[in-house]
Protein chains: 2
Amino acid sequence: MSDIRGGDLPDLPDLRSEADALDSKDELAAKREEFVLDETVYLDGNSLGALPANVPGRLAEVMTHEWGRLRIRSWDESGWWTAPERIGDRIAPLVGAAPGQVVVGDSTSVNVFKALVAAVRIARGPDHPSEGRDEIVVDATTFPTDGYIAESAARLTGCRLIPVAPADVPGVLGARTAAVLLNHADYRTGRLHDLPGLTAAVHAAGALVVWDLCHTAGALPVGLDEHGVDLAVGCTYKYLNGGPGSPAYLYVREALQPRFDSPLPGWNSHAEPFGMRPGFEPADGALRGRVGTPDILSMLALEASLDAWDGVSIDAVRAKSLALTDFFLRCVGAYVPTGRVESLTPAAHAERGSQVALRCEGAGDVMKRLIEQGVVGDFRAPDVLRFGFTPLYVSFGDAERAARVLASTLA
Amino acid sequence: MSDIRGGDLPDLPDLRSEADALDSKDELAAKREEFVLDETVYLDGNSLGALPANVPGRLAEVMTHEWGRLRIRSWDESGWWTAPERIGDRIAPLVGAAPGQVVVGDSTSVNVFKALVAAVRIARGPDHPSEGRDEIVVDATTFPTDGYIAESAARLTGCRLIPVAPADVPGVLGARTAAVLLNHADYRTGRLHDLPGLTAAVHAAGALVVWDLCHTAGALPVGLDEHGVDLAVGCTYKYLNGGPGSPAYLYVREALQPRFDSPLPGWNSHAEPFGMRPGFEPADGALRGRVGTPDILSMLALEASLDAWDGVSIDAVRAKSLALTDFFLRCVGAYVPTGRVESLTPAAHAERGSQVALRCEGAGDVMKRLIEQGVVGDFRAPDVLRFGFTPLYVSFGDAERAARVLASTLA
């Protein structure tokens with residue numbers, strides 16, 4: 001945690017000009033036009049991404065033409081059936097995955113369950129289904145649903161659940177560790193965890209790691225293939241802007257796919273779904289992560305929303321994200337009276353996601369008043385103001401205005 | 001199975017006039033106007049219901065206003081957060097359930113998993129988590145995904161899976177039975193199973209029953225409360241017309257809700273979801289069946305589609321369904337040369353769902369040619385032509401024309 005020192009007097013003109021200058025040389029600035037935005041400063045894209053402008057038109061076509069006219073024929077003719085893997089392949093480059101390893105569908109929670117049970121089964125191997133490795137380690141600071149699902153996975157596979165802070169994970173790994181579930185970024189503080197280092201530590205213990213990318217995919221490079229991650233899950237409604245509750249995704253490293261033994265083997269993951277066979281035979285590849293009939297309207301809205309990533313480099317996104325959060329922290333430091341807020345977000349770039357969390361007395365009320373004044377962030381109990389920075393549509397001008405409104409609210 | 005005897009000569013004019021007469025006195029006829037239909041005879045509503053005309057407008061509003069303008073505020077202000085239980089309560093009367101017992105979300109397969117694992121846990125009781133009842137009985141003729149998921153549920157709860165035909169279920173029930181998973185109607189033949197009788201038999205053995213209503217909800221009265229069903233699941237994209245892959249639902253009988261112990265305890269089923277607590281405490285009521293963030297676009301499309309049920313009595317739907325399938329079978333009998341098709345659908349009303357399955361040589365090719373001629377049904381391997389009758393929008397004229405085109409195709 002780092003203190004934010006207030007300046008002597010708010011130096012408004014300089015920071016506003018600086019924001020203008022930064023916006024004028026922002027190579028992603030034009031992307032903002034691809035989203036439906038208004039005068040609001042929207043810093044809650046890490047809860048729900050803004051609406052990409054092309055989505056309503058595309059979904060209207062899906063409803064009136066594909067569902068309304070072609071009806072059942074669209075499963076083939078409109079490519080509905082293959083949407084989960086096709087859209088997975090569009091998400092793949094954003095998380096550093098080669099094609100054929102990502103499949104879209106279900107919620108993050110359900111995908112955590114698939115990934116974790118499958119990881120335990122792989123770690124134990126086919127010959128020792130219930131002995132040897134009997135521990136699941138889970139990030140104790142994670143978004144709660146991951147912890148609840150991990151507890152259920154542990155109960156159903158006969159494992160003991162070990163919740164620890166990510167930094168303490170290496171200390172609890174050993175010959176009994178089956179699988180480790182970690183969040184790439186802390187949803188409260190915005191702290192980015194060491195994915196390469198922790199992945200290597202888990203592998204050194206002979207276990208598998210599952211990463212939850214909800215708060216990083218679309219905001220910074222993840223490098224799943226490069227770092228040898230085993231399994232990963234993530235939602236698509238934050239930095240990927242797929243829409244409220246849009247389907248999540250599951251990454252299964254190619255080398256593990258033949259051993260991916262899903263606890264939710266639905267007809268969509270069968271080798272021959274329309275063979276309607278009584279016995280289950282898993283499909284090859286990431287398709288094994290599918291379960292039931294895919295939710296087409298939400299899924300095709302997500303697919304359209306991904307058009308916004310055409311021609312975008314995730315490195316450019318990361319550079320802008322860090323510049324935005326740096327600049328916001330500077331503006332807060334300059335505008336907000338000393339001692340009124342304290343940043344929980346690490347100052348070091350290597351430890352920072354794409355959000356700024358400020359501890360603040362009366363944070364719930366403060367956030368209400370910010371929202372009334374057109375600056376939308378999130379309150380996280382008990383005392384955190386959370387501001388998410390989506391590089392595709394948040395400007396430096398937004399960052400400056402948010403800090404200014406925060407300062408006047410606290411004054 | 002009953003033979004369909006061809007008449008001497010096709011008696012076209014009489015059956016066409018009869019269709020007209022039946023349509024003119026059909027009290028549900030006006031409902032057809034609420035759907036987007038064309039010159040096609042659409043007898044595949046048991047795979048994908050037709051588009052209700054109000055859905056595109058409603059979803060446009062959800063996208064542009066609720067997501068596009070209100071953004072994150074819509075979770076509260078537009079009622080997104082409570083959609084799963086609110087929409088569940090709209091489905092409830094269609095399946096004979098009092099409010100507070102149905103929750104919408106996830107796929108049918110995922111809901112089968114929740115229901116079956118929870119049923120086993122309830123049957124065993126809290127004091128005997130892994131002994132005593134160690135058998136799951138599953139409908140061997142069921143839609144395959146139910147069987148695959150049942151196998152997974154059995155494996156994870158340490159049960160043995162016993163697949164038998166529904167009629168043979170009573171013979172395998174006993175002190176070791178934990179749960180029984182049955183389909184209300186056979187997806188191939190359209191045979192309706194004896195829900196009251198089989199439910200009573202399962203209860204007499206001290207076990208719990210899970211009914212899959214995919215092929216009956218919206219087509220006939222189910223009577224979940226009346227018959228004391230424990231748990232039920234169903235999709236919403238067949239007779240409920242919710243859209244491709246629209247979210248499924250889960251029914252948990254009120255008396256069982258305090259003991260419903262989900263294998264997928266996500267943050268949405270927590271007693272205090274925004275408390276972000278590390279330990280899981282289940283919510284009260286049907287909410288326990290929720291898991292992750294609900295898929296809002298698909299869910300609100302479903303909600304709009306349910307407007308079509310306003311003022312509709314499910315008894316009237318059932319009466320029309322039986323009249324339609326009776327009339328279709330008569331037309332097939334009159335038009336189709338003797339011996340070319342054989343009905344797999346029971347003649348007795350009490351044993352018939354809302355579809356007609358005809359065994360036919362070369363059924364795959366025959367269905368292709370029917371579709372080319374604007375009569376859309378389903379082919380089910382190896383030799384079944386399947387015609388679904390959705391009483392809200394299928395007319396007697398449709399039934400007559402389908403039989404006539406089938407006859408000319410087979411001639």
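**A walk through a predicted two-chain model**

In chain B, seven strands make up an open sheet, ordered 3-9-8-7-6-4-5, and their pairing is mixed. The edges of this sheet belong to strand 3 (102-104) and strand 5 (160-164) of chain B, each of which pairs on one side only. On average, neighbouring strands here are turned by 15 degrees against each other, with direction ignored. Please keep in mind as we go that this is a predicted model.

Let's look inside the chain B sheet. Strand 7 (residues 208-212) and strand 8 (residues 231-234) of chain B pair in the parallel sense, over three bridges.

Helix 4 (residues 83-91) of chain B lies across strand 3 and strand 9 (249-252) of chain B, and it runs at about 125 degrees to strand 3 of chain B. Helix 5 (residues 108-124) of chain B lies across strand 4 (135-139), strand 6 (177-183), strand 7, strand 8 and strand 9 of chain B. The angle between helix 5 of chain B and strand 6 of chain B is about 150 degrees.

One residue of chain B deserves a stop. B:His193 is found in the loop between strand 6 and helix 8 (195-204) of chain B. Is B:His193 buried or exposed? B:His193 counts as buried because it has 21 C-beta neighbours inside 10 Å, and the cut-off for that class is 20 or more. Leaving out residues up to four places away in sequence, B:His193 touches B:Pro166, B:Leu182, B:Asn183, B:His184, B:Ala185 and B:Leu198. Another histidine to locate is B:His349: it is 156 residues away from B:His193 along the chain, while 11 Å separate the two C-alpha atoms.

Now turn to chain A. Here an open sheet of seven strands has the order 3-9-8-7-6-4-5, again with mixed pairing. Strand 3 (102-104) and strand 5 (160-164) of chain A stand at the edges with a single partner strand each, so one side of each has no neighbour in the sheet. From one strand to the next, the twist averages 15 degrees.

Helix 4 (residues 83-91) of chain A lies across strand 3 and strand 9 of chain A, running at about 125 degrees to strand 3 of chain A. Helix 8 (residues 195-204) of chain A also packs on the sheet, where it touches strand 6 (177-183) and strand 7 (208-212) of chain A. The direction of helix 8 of chain A makes about 155 degrees with that of strand 7 of chain A.

Next comes an annotated lysine. The unreviewed UniProt entry carries the annotation "modified residue: N6-(pyridoxal phosphate)lysine" at A:Lys238. Where does A:Lys238 lie? A:Lys238 lies in the loop between strand 8 (231-234) and strand 9 (249-252) of chain A. Because 27 other C-beta atoms are within 10 Å, A:Lys238 is buried. Not counting residues up to four places away in sequence, A:Lys238 touches A:Gly45, A:Asn46, A:Ser47, A:Gly49, A:Cys214 and A:His215.

Stepping back to the whole of chain A, the domain assignment gives domain 1 (2-28 + 313-410) and domain 2 (57-309). Taken over C-alpha atoms, the centres of domain 1 and domain 2 of chain A are separated by 31 Å. Their contact takes 19 residues from domain 1 of chain A and 14 residues from domain 2 of chain A. On the domain 1 side, helix 10 (314-335) and strand 11 (355-360) of chain A are the elements that give two or more residues. Helix 10 of chain A supplies the largest share of that side, five residues. By class, this side of domain 1 of chain A has eight nonpolar, six polar and five charged residues.

Finally, bring the two chains together: 63 residues of chain A are in contact with 62 residues of chain B. On the side of chain A that touches chain B, the elements giving two or more residues are helix 2 (55-70), helix 5 (108-124), helix 6 (144-157) and helix 9 (296-305) of chain A. Which element gives the most to this side? That is helix 2 of chain A, with nine residues. Sorted by class, the side of chain A that touches chain B has 37 nonpolar, 18 polar and eight charged residues.

Conventions:
Residues numbered from 1 in each chain as written. Chains lettered and ligands numbered in written order. Predicted model: local features only at pLDDT ≥ 70, side-chain atom pairs only at ≥ 80, totals over all residues. Pairing = 2+ DSSP bridges. Helix = DSSP H or I, 4+ residues; strand = E, 2+ residues; numbered from the N terminus. Axes fitted to C-alpha atoms, helices over the stretch in contact; angles between N-to-C directions. Contact = placed C-beta atoms within 7 Å. Domains from an automatic or database assignment. Nonpolar A, V, L, I, M, F, W, Y, C, P; charged D, E, K, R; others polar. UniProt positions renumbered as here; feature names shortened; annotations may be inferred. Buried ≥ 20, exposed ≤ 12 C-beta atoms within 10 Å, placed from the backbone.
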